[in-house]
Amino acid sequence: MFDVIIIGAGVAGISCAVQLKRLGLKPLIIEKSGFVGGLIRNAGFIENYPGLKAPVNGLEFAARLEKMIENFALDLVFTEVISFTETSQEVTILTSEGPFVAPWAVFAAGTSPKPPPVEFSGVSCIFEPVKLKGSSGDRLAILGSGEAGCDYAISLSEKGFDVTMLVRRDILTARGVLKDRVYASEKIKVIHNFSILKGYEEGVLKYISGETPGLSLLLEFQHIILALGRTGEGEKYGLKSIKGVETNFKRIYIAGDAARGSLGQLAMAAGDGIRCAQIIAEML
Ligand SMILES: Cc1cc2nc3c(=O)[nH]c(=O)nc-3n(C[C@H](O)[C@H](O)[C@H](O)COP(=O)(O)OP(=O)(O)OC[C@H]3O[C@@H](n4cnc5c(N)ncnc54)[C@H](O)[C@@H]3O)c2cc1C
């Protein structure tokens, strides 16, 4: 019934589905989270995607993607992909709702967060700020100082959270404008050369014990956000990119952050999705 099953309704998956539909094919998108948009929902502001008139935040960008699904009448099922197999003719995608079969599949399932460097016993750490339940004035720690960590620090401090970045090195990992904006902000505290020793919880408050050279610290927060890098979802399924969007499965292509195995960029994810659609369309 479907020509292509796409795993993941992030930018890569939706770009692929839209292009397939425009080429006269019938794609099905499977998404586990119950939301459209993927990781970008967490972004405070997006300013580098081609064609934007002004910066937009991640939820607004996701709403535009949702609108594309509606405009192109794309089929979308909210369920989790558990495993997949292929024969010389087709791919079977097993989900919590049962199997889906098609001649081709595109894996656009993004990445998962890397765990913290120490065990945070009892502390519920948040990996996606979009899930943060808190209010202005709450004390919040961010671990990880790459692009995601800096984006979180800027947007959450603008929302009124009392943000501290705990940074392993003597400089933020992010480069360029994001790094400059964090250092220029009077609302964001940055503690450098911070090694985490332990994390634990007492009542509703969460503590991080750590040290900077010559000084032991016990810091108290209401929320801890982890932005310590990401790994490709393909690993869980034994799927890997072998040449661009091609994988070790003959009938499954890979697109977006999943293909890179780490955090990438929206335009790269969109490009991969469209590339997969073009390749598959030529074969059908
Ligand atoms: C804070 C932050 C700020 C960012 N800012 C920018 C920016 O300004 N500009 C820019 O270009 N990029 C930015 N990025 C990067 C951008 O978000 C990613 O590169 C992009 O979202 C990757 O898209 P994707 O479709 O490959 O994967 P994702 O967006 O991760 O989508 C994957 C989807 O697959 C789903 N999925 C996973 N496993 C399964 C499964 N088993 N079954 C079904 N569905 C599954 C997930 O739920 C998810 O919806 C930012 C990222 C972050 C975290």
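## Strands S11 and S12

Strand S11 (residues 162-166) and strand S12 pair in the parallel sense over 4 bridges. Two strands count as paired if DSSP finds at least two bridges between them. Strands (E, at least two residues) and helices (H or I, at least four) are DSSP runs, numbered from the N terminus. Thr 164 has Lys 189 as its bridge partner in S12.

This is a predicted model: local features need pLDDT of at least 70, side-chain atom pairs count only at pLDDT 80 or more, and totals for chains, interfaces and linings use all residues. Residues are numbered from 1 along each chain as its sequence is written.

Which strands make up the open sheet, and in what order? There are 4 strands, in the order S12-S11-S10-S16, with parallel pairing. Strand S12 (188-191) and strand S16 (223-226) are the edge strands, each pairing on one side only. From one strand to the next, the twist averages 25°.

Helix H3 lies across strand S10 (139-143), S11, S12 and S16. H3 runs at about 165° to S11. Angles run from 0 to 180 degrees between N-to-C directions, and axes are lines fitted to C-alpha atoms, for helices over the stretch in contact.

## Two domains

The protein chain is assigned domain 1 (4-112 + 230-283) and domain 2 (120-226). These bounds come from an automatic or database domain assignment. The C-alpha centres of the two domains lie 31 Å apart.

In all, 6 residues of domain 1 are in contact with 8 residues of domain 2. Contact means C-beta atoms, placed from the backbone, within 7 Å. On the domain 1 side, the touching residues are 3 nonpolar, 2 polar and 1 charged. Ala, Val, Leu, Ile, Met, Phe, Trp, Tyr, Cys and Pro count as nonpolar, Asp, Glu, Lys and Arg as charged, and the others, Gly among them, as polar.

## Around the ligand

The ligand is surrounded by 38 residues. The closest are Gly 8, Gly 10, Gly 38, Gly 110 and Gly 256. A residue is near the molecule if its C-beta atom, placed from the backbone, lies within 6 Å of it. The shell has 20 nonpolar, 12 polar and 6 charged residues.

At least two shell residues come from each of helix H1 (11-22), strand S2 (27-31), helix H3 (147-158), helix H5 (257-260) and helix H6 (266-283). Domain 1 and domain 2 both give residues to the shell, so the ligand lies between them.

## H1 against H6

H1 and H6 pack at an angle of about 35°, with their axes 7 Å apart. Residues in the contact include Val 11 and Ala 12 in H1, and Leu 266 and Ala 269 in H6. By class, this contact has 12 nonpolar, 5 polar and 1 charged residues.

Definitions and conventions
Contact = placed C-beta atoms within 7 Å.
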